Amino acid sequence: MSGLWPIFKREFVAYFATPLAYVFIVIFLFAMGAFTFYIGNFYQNGVADLSVFFAYHPWLYLFLVPAIAMRLWSEERRSGTIELLLTLPIPVWASVIGKYLAAWAFTGVALVLTFPIWLTVNYLGNPDNGVILAGYVGSFLMAGGYLAIGAAISAATSNQVIAFVVSVVVCFLFTVSGAPLVLDFVRVIAPLPIVTAISSFSFLTHFGAISTGVIDLRDIIFFVSLIALFLAINIVLIDLKKAS
Amino acid sequence: MAPVPHERANPRVQMIEVEGLTKQFGPLAAVAGIDLRVGRGEVLGFLGPNGAGKSTTMKMITGYLSASSGRVRICGQDIESQTIAAQRQIGYLPEGAPAYGDMTPRSFLNFIAEVRGFYGATAKSHIERAIANTELDPVLEQPIETLSKGFKRRVGLAQAILHDPPVLIMDEPTDGLDPNQKHAVRRLIRDMAPKKAIIVSTHLLEEVEAICTRAVIIDRGRIVADGTPYELLTRSRHHNAVSLLLPTVQAELAWARLKSMNDVVSVEQSARPDGLTMLTAFPRQGALLIEDVSALVMAEHWDVRELYAEPGRLEDVFRAVTTHDAARARAQASGANP
């Protein structure tokens, strides 16, 4: 093994060694419930599906995922343990991917803990569980995307607050890049192909497609390649710090 | 000065080879060309003022920082191109002994063992040995962030020696330890020394005399002195200086007689409140004074309370070869090339 597994294990356990994990999970579940039942009018809709539940995922992730990602590298840098980590005989990519996967697995745990709402909807009616499964897969992939962005930004600074704020902004841009807010601005300064390209980066569009139950390979590829891109940026940033 | 082979060192087994190492931080040359060879059995004491480039050099040797130029080889493996293979040979205690504060020493050492590729019984025996050598038993199950500075340092030390590495690099291993703990760490280093190449940075000059077979002083990124502690001591003005303590009433005469001796360059005196005066006679370079001075004392029947020759003081050498903070600041402000 390249050291990826011990890194993953250490990082994953570290979440539960501090209150962070419990605070995050409680807030995540509470907010999910609040959005779904009160703002999304889950009961009043009278439809046995979880579309309102999933509709709020991008917006919750926008703030909660950078909160997980911000400590990934900033914390190592601040406490000096990065010096220990990078002088252990582990390749940089194994550290980057190991830490990332631990954080992603943690968001996965939080997501799985929303199962009562799935039980509820199955109790109330006969939802299409295939669509719900697709929604969960899409949501997990999207969380992975936000997380990869946040992790890369965290690698650039030892200040967690800066890491958090910048991550939220960048994640926001990715979330709404298909919306007029961004596109109207881009249209003024860029030609049409670029506008189309930017709008295709929208998390909302890709996640929206998956959560309707249509698992299109292109949407999967979008999230997977976005994650790969930001992990590569993360590795480069860590390597650059060695040279500076 | 060329490295002098120590009797315990085998100069043919070069475990750490550093050639022309430099590091630029913007316009500042933190390390400006360092050459070092450290063989098995050597304990190299790395000395220098704050900001001289000690830590930066160690960070480059261990592969945490990339060098601007030059090369580092650990047991023949290049730290840039064969990073992982080279890092397997190194045990490293970084400055401040960083460790994951939320872990306990035991879980931290388990993690290190696993990363280093030890499992099961092998891992257990390595961990137990590291714990025993650093006397960590009392705190094994407490989170590292709650430990005292001394225990934190020892956790870092345990981590560094866990895999019994042939090359050991330690940045201020005894910083923050009490005298008993310092003694224990020095004994540990001395015990490990015959089978390893060790670099220790320190601010404590007595530490160099206690454990090092070789001392290297660096200043402004360059090596300014390199030799055994004894060789450096011979460069001290206190080397072979003779001090005698006698009643102040006799001091004036004694001072004049000492001053007139052939090999004496100067005599310093300091009166003490108890009616005694300490006289120190500094010899010409290479001269031995103690025999002549004691003969003189006998002949003159002075009432001498103490009489001894000094081996020399590393502090003298350190201050003579390194620049003071003020001079350093002036040099940097004027843009002079360090």
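What percentage of the contacts in chain B with a separation of 6 or more is accounted for by residues 24 or more positions apart? In this predicted model, such residues account for 71% of those contacts.

## Chain B

Chain B contains 12 helices and 14 strands. Along the principal axes, its C-alpha atoms fill a box of roughly 75 × 50 × 40 Å. Of the 338 residues in chain B, 41% are buried.

Helix 1 of chain B, which spans residues 54-61, is mostly covered, with 8 of its 8 residues buried. The buried residues include Lys54(B) and Lys59(B), together with Ser55(B), Thr56(B) and Thr57(B). Met58(B), Met60(B) and Ile61(B) also belong to the buried residues of this helix. Helix 1 of chain B is followed by Gly63(B), which has a positive phi, near 85°.

Is Tyr119(B) buried or exposed? Tyr119(B) counts as exposed because it has 10 C-beta neighbours inside 10 Å, and a residue is exposed if that number is 12 or fewer. Tyr119(B) and Thr322(B) are 203 residues apart in sequence, and their C-alpha atoms are 47 Å apart in space.

## Helix packing in chain A

Helix 5 (residues 57-79) of chain A packs with helix 9 (residues 129-154) of chain A, and the axis of helix 5 of chain A also comes within 8 Å of that of helix 10 (residues 160-176) of chain A. The table sets out the two pairs.

| Helix pair | Angle | Distance between axes |
|---|---|---|
| Helix 5 and helix 9 of chain A | about 40° | 7 Å |
| Helix 5 and helix 10 of chain A | roughly 140° | within 8 Å |

Helix 5 of chain A and helix 9 of chain A pack at an angle of about 40°; they are therefore oblique to each other. Their crossing is right-handed. Among the residues that make this contact are Tyr61(A), Val65(A), Ile68(A), Leu72(A) and Trp73(A) of helix 5 of chain A, and Met142(A), Tyr146(A), Leu147(A) and Gly150(A) of helix 9 of chain A. By class, the contact of helix 5 of chain A with helix 9 of chain A has 14 nonpolar, 5 polar and no charged residues.

The axes of helix 5 of chain A and helix 10 of chain A cross at roughly 140°, which makes helix 5 of chain A oblique to helix 10 of chain A. The crossing of helix 5 of chain A and helix 10 of chain A is right-handed. The residues that meet include Leu62(A), Phe63(A), Arg71(A) and Glu75(A) in helix 5 of chain A, and Phe164(A), Ser167(A), Cys171(A) and Phe172(A) in helix 10 of chain A. The residues of the contact of helix 5 of chain A with helix 10 of chain A divide into 12 nonpolar, 4 polar and 2 charged.

Ile149(A) lies in helix 9 of chain A. Why does Ile149(A) count as buried? Ile149(A) counts as buried because it has 26 C-beta neighbours inside 10 Å, and the cut-off for a buried residue is 20 or more. Leaving aside neighbours within four places in sequence, Ile149(A) is in contact with Ser167(A), Val170(A), Cys171(A), Phe174(A) and Phe230(A). Ile149(A) and Arg71(A) are 78 residues apart in sequence and 13 Å apart in space, C-alpha to C-alpha.

## Nonpolar cores

The largest nonpolar core has 132 residues, of which Leu147(A), Ala151(A) and Ile16(B) touch the most other members. Helix 9 of chain A gives the most to this core, with 12 residues. Not counting residues up to four places away in sequence, Ile16(B) touches Leu36(B), Arg37(B), Val38(B), Ile61(B), Ile74(B), Val167(B), Ala197(B) and Ile199(B). Another core, of 13 residues, lies apart from the largest one and includes Leu246(B), Val264(B), Ala281(B) and Val293(B).

## Contact between the chains

How many residues of chain A are in contact with chain B? There are 19 such residues of chain A, in contact with 20 residues of chain B. Helix 1 (4-17), helix 6 (81-87) and helix 14 (217-243) of chain A each supply at least two residues of the side that touches chain B. Helix 6 of chain A gives the most to this side, with 5 residues. By class, the side of chain A that touches chain B has 10 nonpolar, 6 polar and 3 charged residues.

Note on methods
Residues are numbered from 1 along each chain as its sequence is written. Chains are lettered from A and ligands numbered from 1 in the order in which they are written. This is a predicted model: local features need pLDDT of at least 70, side-chain atom pairs count only at pLDDT 80 or more; totals for chains, interfaces and linings use all residues. Axes are lines fitted to C-alpha atoms, for helices over the stretch in contact, and angles run from 0 to 180 degrees between N-to-C directions. Helices (H or I, at least four residues) and strands (E, at least two) are DSSP runs, numbered from the N terminus. Angles under 35 degrees count as roughly parallel, over 145 as roughly antiparallel, 65 to 115 as roughly perpendicular and the rest as oblique. A crossing is left-handed if the near helix is turned anticlockwise from the far one by less than a right angle, and right-handed if clockwise. Two residues are in contact if their C-beta atoms, placed from the backbone, lie within 7 Å. Ala, Val, Leu, Ile, Met, Phe, Trp, Tyr, Cys and Pro count as nonpolar, Asp, Glu, Lys and Arg as charged, and the others, Gly among them, as polar. A nonpolar core is a set of buried Ala, Val, Leu, Ile, Met, Phe, Trp, Tyr and Cys residues joined through C-beta atoms within 7 Å.
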